[in-house]
Amino acid sequence: MLYSADEAVQPSELICAKLLQTFFPSRCSEDRPSIKNNFTLFVFRTSKNDQKSANSGKNRGGGSLALLLSLGLGQQASAVTLVENLSQGNNGTGGVAINIWQGSSFTTGSSSYNLNSATLLFRENTADPNLFLRLYSNSSGTPGTQLTSFTNPASITTSLANNTFTLATPQALTANTTYWLVSGISSDTGTGSYLWGYTSSAAQTGLPGWTIGDGFVNSNSQGGSWDSFPTDGPYQFSLEGTTPPPTSVPEPGSVVALLGLGGLGLASSLKKRK
């Protein structure tokens with residue numbers, strides 16, 4: 001029998017895993033419970049009655065069979081804070097407006113991650129629908145090519161506080177690479193204004209090897225050119241992300257082989273009980 005490692009075992013009942021739903025959809029009906037997406041262990045074992053018979057002394061070789069298969073299918077990555085300096089003391093704010101775009105850089109560690117959201121120490125003075133937060137590549141120490149744009153919060157606080165901007169599609173971040181977070185107002189006729197908090201601290205916390213630049217950049221030409229202040233203190237933010245999903249799935253043949261091994265073991269156990 002196939003059971004999940006984190007659900008109560010129900011003898012003689014097949015619980016359909018994502019494995020079977022993928023490769024054997026005709027064997028799994030909608031009314032059978034499915035296994036949670038985030039487990040990686042499956043257990044083949046006999047029923048409780050089989051265990052009782054095996055432990056009666058008449059069959060010393062017929063105990064329950066537990067075959068743990070680390071298949072890793074359907075595993076969901078856990079969200080983590082990639083890097084942040086929100087925990088550092090705030091030393092002031094920088095204006096964000098139609099002709100004042102502000103940016104801060106960060107550099108990834110030795111592993112690739114997917115970026116899901118960014119939380120900024122931010123406040124609204126005057127609302128503007130053209131406010132943006134974007135991710136740029138690095139070009140000689142200033143923002144280069146725009147890679148993606150975040151979705152703004154439904155509302156932004158009118159006092160300096162943490163505001164989270166999200167990505168509809170996670171953005172892959174390459175290992176050991178510098179990127180820029182840039183905030184501004186994209187319209188030529190916008191009248192809104194915002195403030196982004198900064199810190200004079202060069203410290204940050206996060207995953208090993210991840211860092212935040214010690215300064216910032218701004219542009220008075222909507223990104224046409226940038227002025228760099230490499231040691232004047234970075235803007236404050238936190239990045240949240242996940243590890244990339246596996247790039248390959250076990251071939252159906254290997255899956256069948258694993259299931260076959262479990263079936264042979266179970267058959268052997270049942271034969272010894274007769």
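Author: A residue is called buried when its relative accessible area is under 20% and exposed when that area is over 50%. The model shown is predicted. By this cut-off, 41% of the 274 residues of the protein chain count as buried.

Reader: Why is Ile212 called buried?

Author: Its relative accessible area is 5%. Buried requires a value under 20%, so Ile212 is buried. Ile212 sits in strand β14, which covers residues 211–212.

Reader: Which residues does Ile212 touch, not counting residues up to four places away in sequence?

Author: They are Val83, Glu84, Asn85, Ser105, Phe106, Gln204, Pro234 and Phe237. A contact needs heavy atoms within 4.5 Å, and each of these residues is in contact with Ile212.

Reader: What makes Ser187 buried or exposed?

Author: The relative accessibility of Ser187 is 16%. The limit for buried is under 20%, so Ser187 counts as buried. Ser187 belongs to the loop between β11 and β12. Leaving aside residues up to four places away in sequence, Ser187 touches Ile98, Asn130 and Gln222.

Reader: Why does Ser140 count as exposed?

Author: Ser140 has 77% relative accessibility. Exposed means over 50%, therefore Ser140 counts as exposed. Ser140 lies in the loop between β8 and β9, the latter being residues 142–149. The phi of Ser140 is near 55°, which is positive in a residue other than glycine.

Reader: What makes Asn176 buried or exposed?

Author: With a relative accessible area of 57% against a cut-off of over 50%, Asn176 is exposed. The loop that holds Asn176 runs between β10 and β11. Asn176 is not a glycine, yet its phi is positive, about 55°.

Reader: How do you know that β4 and β17 pair, and in which sense?

Author: Two strands pair if at least two bridges are found between them. β4 and β17 have four bridges, so they meet this condition, and the sense is antiparallel. In one of these links, Thr81 has Glu240 in β17 as its bridge partner.

Reader: How many bridges join β4 to β13?

Author: There are two bridges, and these strands also run antiparallel. The condition is at least two, so β4 and β13 count as a pair. Thr205 in β13 is the bridge partner of Glu84. The protein chain has 17 strands, along with three helices.

Reader: What makes a set of residues a nonpolar core?

Author: The members are buried residues of listed nonpolar types, joined through side-chain atoms within 4.5 Å. The largest such core here has 29 residues, and Phe106, Phe122, Phe150, Leu181 and Leu239 touch the most other members. Strands that each supply at least two residues of this core include β4 (80–84), β8 (131–139), β10 (161–173) and β17 (237–242). The largest share, five residues, comes from β7. Another core lies apart from it and has seven residues, among them Phe132, Tyr136, Val182 and Val217.

Reader: What share of the contacts with a separation of 6 or more lies between residues 24 or more positions apart?

Author: In the protein chain, that share is 77%.

Reader: How much accessible surface does the protein chain have?

Author: The total comes to about 13,900 Å², and 50% of this surface belongs to carbon and sulfur atoms.

Note on methods:
Residues numbered from 1 in each chain as written. Predicted model: local features only at pLDDT ≥ 70, side-chain atom pairs only at ≥ 80, totals over all residues. Heavy atoms only, no water. Buried < 20%, exposed > 50% of the residue type's maximum accessible area, 1.4 Å probe, protein only. Areas by Shrake-Rupley, 256 points an atom, 1.4 Å probe, with all protein chains shown as cover.
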